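Visitor: Hello! Could you walk me through this model, one question at a time?

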Amino acid sequence: MGDMVQEACVARTSCTMSPHSAGARMARMSLNPPPTITCVECRGTCHLISHTPDDGFQPGDWVAYRCPECLDRFDLQLVEEDADEEPSDAW
């Protein structure tokens, strides 16, 4: 379906479809951010505090993590490359 939406958009001289419209959102991939990350401030464990949208997280969405040890909050933007990478704690 994503190809049909894109082809229909390309075939028109002026496309008014928003990247957030239902058709475009369905064509996008869903991402699953890790439930925890390592805190860059105290090396504790930050937990995901963002609620998952009904249609899942998409590239460009922001997620928030909170560290219970130092109470820092981290807001991270998801990118398409995150979908193919394995989580890594190695620095």
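This is a predicted model: local features need pLDDT of at least 70, side-chain atom pairs count only at pLDDT 80 or more; totals for chains, interfaces and linings use all residues.

Visitor: Is Asp61 buried or exposed?

Guide: Residues are numbered from 1 along each chain as its sequence is written, and side-chain values use heavy atoms, leaving out hydrogens and water. Buried means under 20% relative accessible area, exposed over 50% and partly exposed in between, with a 1.4 Å probe and protein chains only. Asp61 has 17% relative accessibility, so Asp61 counts as buried.

Visitor: Which backbone nitrogen does the side chain of Asp61 reach?

Guide: Asp61 lies in the loop between strand 2 and strand 3; strands are DSSP runs of E, at least two residues, numbered from the N terminus. At 2.7 Å, its side chain reaches the backbone nitrogen of Gln58.

Visitor: What is the phi of Leu71 in the turn?

Guide: Strand 3 and strand 4 form a hairpin, with 6 residues between them. Leu71 is exposed, with a relative accessible area of 58%. Although Leu71 is a residue other than glycine, its phi is positive, near 65 degrees.

Visitor: And what relative accessibility does Arg43 have, as an exposed residue?

Guide: Arg43 sits in the loop between strand 1 (36–38) and strand 2 (45–48). Its phi is also positive, near 65 degrees. Arg43 counts as exposed because its relative accessibility is 53%.

How values were computed: Two strands pair if DSSP finds at least two bridges between them. Helices (H or I, at least four residues) and strands (E, at least two) are DSSP runs, numbered from the N terminus. A polar contact is a pair of N or O atoms within 3.5 Å; within protein, one must be able to donate a hydrogen and the other to accept it, and residues adjacent in sequence count only if both atoms are side-chain atoms.
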